[in-house]
Amino acid sequence: MSRTMLERTGSRAPRGANDSRVVSPGPSRLRRAEKWAALVLLLPALLGFVVFYLYPTVRGVWYSMTDFNLLNDPTFLGMANFEELAADPQVWDSLRITAVFAVVNIAIVMVLALGLAAFMQRLNLRNWVRSLLLLPWLVPNVAIALIWGWLLDANVGYLSQLLKSVGISGVSFYNGDAALGIIIVISVWSGLGYTALLLYAGMLQVPNELYEAAALDGASETRMFFRVTLPLIRPVLALVLVVSLIGSFQVFDLVQVGYGNNPIPEVRVIYYYIYQQAFSFYNMGYASAIAILLVVILGALTVVQMRLMRANRSDLS
Amino acid sequence: MTTATAGIRKSVRFRPGRTAAWIIIAIAVIATVFPFYWMVRTALTPTADLVPQASQLWPSSPTLINFQRVLGLASIEESVAAGGTGASIDFIRYTINSVIYAGSIAVIQTLSCAAAAYAFARLRFPGRNVLFGVILAGLMIPGIFTLLPNFALMRELDLLNTMLGLVAPALLMSPFTIFFLRQFFLSLPRDVEEAAMLDGVGSLGRFWRIALPLSRGPIATMMLITLVGMWKDYLWPLVAGNSELTRVLTVALGVFQQQSPNTAPDWTGLMAGATLSVLPVLLILVFLGKQLIQSLNFSGGK
């Protein structure tokens, strides 16, 4: 994604040439006016960027090297926070849990969403059917956590009763063996429709002649899916994968609300651990250090993924 | 859309696979909608009937009392009688807070980003590409990394638990919106703007009078997406605005659940609250579902 963006940024030469052709009365005066106009247009967004993105980024890096509990002034510690986190089993444990969540969640969502999208492509569904599938994506995760908490209520939850009646028990938020699985199921449920619709939109871009040609060659539909559809929607697939990965590593609301701010260790994801360090124990410095670790991990994963998927090249062109 | 699928449809129309596809889509739709149905059904159930009618698809004597008590419209005695804790909960206020929070950010952020996007797409100024690259890098940073210092900043400015402090970090800036709208401005034909330029219309005038009206569609789409995103937002309002006066709906639901006893949660009240948070989204889906789907088609098709 990022490479395509940067390449587009670079494509300004012809436009620049155009502009100077149009500018007739005193180009330097107009050029200056243009700079001022740019400044005026950029000012609000730039203000927001500097105060709430750039400045906190610098501050976050500084905090990560300090002991800071909000009440004292940050005291410089050097790399101590990073040494501490390297030796903190809870950091690695929550990273492992988050990674398992992300991989399993994304794998299931992708497979199901690809299938669903392929079916949508065949059936040419009406808009309202598709928008129904979008519903969970539009709803706050807090509400989703509550709804599923109720469906799986150990005593009278509709779903847990249903499961019990077919002989499955133990599907409860507080069963350590099932907890992460439950969070994954809820997350799959809430992300499936959205992902399927994104992939479906990608499939609409595949020219129909390719399918006709494949059909003439006697290819089965399964074969068409794997040989035509899948390779040609690779850019969308890559984009969805990267976005899902970044999103999955930030899972928080489901866990925090699902467990009433008291999750069992089996579901303590990295975001929750950072939140806990910062806002329960007021270790802002240590929390910032873990957050930096997360930034690095996500950055590395994104780069690797983009490389592997060769996302900026489409076979369509 | 029709052209892309027409050929496939022709070739598969009479195959049994088509029936199977319908069944699978039907299962997906039912699985998607049922939890929401169950939420509404529970919200309409008197607390006393909750356990005896646990697997009944529709309550025998549906009631609105759960909505009344979470909206603060029922007296304390009525609430306690209906299974509440009697603690004051005022979802009307939280809903208004959510509307202010999501609405103001959606409108102001999108316009502020549209102006910046236009400058990046059409105007020449020193450092343009470097600046754009830096802003795009902001897309990669997980929210919690800037959330911690932003929290400290709001605390220093004494803006915690104020509406201003709550909206400030997202009010003016979103890297994604700038990226999205810049792409759109780049795709607009330049000739109208060039003609206006020859007539002596300055850069600001061209943005305000030409580019902005021409991009009403994408700007509305961005506002809609931001509105939904901010409506769902939880972590920042939780840490920066969890006072009675600034609490938004999502945070209120979380607090409500944490106040509710763990052994016997107030499920009917919780489901009534959850329904209130889903209702506006449902309205958006009914009235703007087509636009939402199209905006997805746009971002997925790019």
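1. Helices and strands here are DSSP runs, a helix having at least four residues and a strand at least two, and they are numbered from the N terminus. On that basis chain B comes to 15 helices and 0 strands. Chain A has 15 helices and 2 strands. The model is predicted, and the points below should be read with that in mind.

2. Confidence comes next. The predictor gives the complex an ipTM of 0.89 and a pTM of 0.87. Chain B averages a pLDDT of 87, and 91% of its residues score at least 70. Where pLDDT is low, the predicted coordinates should not be read in detail.

3. What is the radius of gyration of chain B, and what would a compact globule of 302 residues have? Chain B has 24 Å, whereas the globule would be near 19 Å. Along the principal axes, the C-alpha atoms of chain B fill a box of roughly 75 × 70 × 35 Å.

4. In chain B, 44% of the 302 residues are buried. In chain A, buried residues make up 39% of 317.

5. The domain assignment divides chain B into domain 1 (17–81) and domain 2 (91–295). The C-alpha centres of these two domains of chain B lie 31 Å apart. Their contact takes 14 residues from domain 1 of chain B and 11 residues from domain 2 of chain B. On the domain 1 side, α2 (16–43) and α3 (65–70) of chain B each supply at least two residues. The largest share of that side, 5 residues, comes from α2(B). By class, the domain 1 side has 8 nonpolar, 5 polar and 1 charged residues.

6. Is α7(B) mostly covered or mostly uncovered? α7(B) is mostly covered, with 11 of its 14 residues buried. Among the buried residues are I144(B), F145(B), L147(B) and L148(B). The buried set also includes P149(B), N150(B) and T146(B). Just after α7(B), D158(B) takes a positive phi of about 60°.

7. R206(B) is found in helix α11 (residues 203–214) of chain B. Why does R206(B) count as buried? R206(B) counts as buried because it has 21 C-beta neighbours inside 10 Å, and the cut-off for buried is 20 or more. Leaving aside neighbours within four places in sequence, R206(B) is in contact with E193(B), A196(B), M197(B), V201(B) and A211(B). R206(B) and E194(B) are 12 residues apart in sequence, and their C-alpha atoms are 9.0 Å apart in space.

8. Two residues of chain A deserve a check of their backbone angles. L70(A) is a residue other than glycine with a positive phi, near 80°. L70(A) is found in the loop between β1 (66–67) and β2 (75–76) of chain A. L70(A) counts as partly exposed because it has 15 C-beta neighbours inside 10 Å.

9. The other residue is N261(A), which has a positive phi of about 65° although it is not a glycine. N261(A) is found in the loop between α13 (253–258) and α14 (270–279) of chain A. N261(A) has 17 C-beta neighbours inside 10 Å, so it counts as partly exposed.

Key
Residues numbered from 1 in each chain as written. Chains lettered and ligands numbered in written order. Predicted model: local features only at pLDDT ≥ 70, side-chain atom pairs only at ≥ 80, totals over all residues. Domains from an automatic or database assignment. Contact = placed C-beta atoms within 7 Å. Nonpolar A, V, L, I, M, F, W, Y, C, P; charged D, E, K, R; others polar. Rg over C-alpha atoms; globule rule 2.2 N^0.38 Å. Buried ≥ 20, exposed ≤ 12 C-beta atoms within 10 Å, placed from the backbone. pLDDT = per-residue confidence, 0-100.
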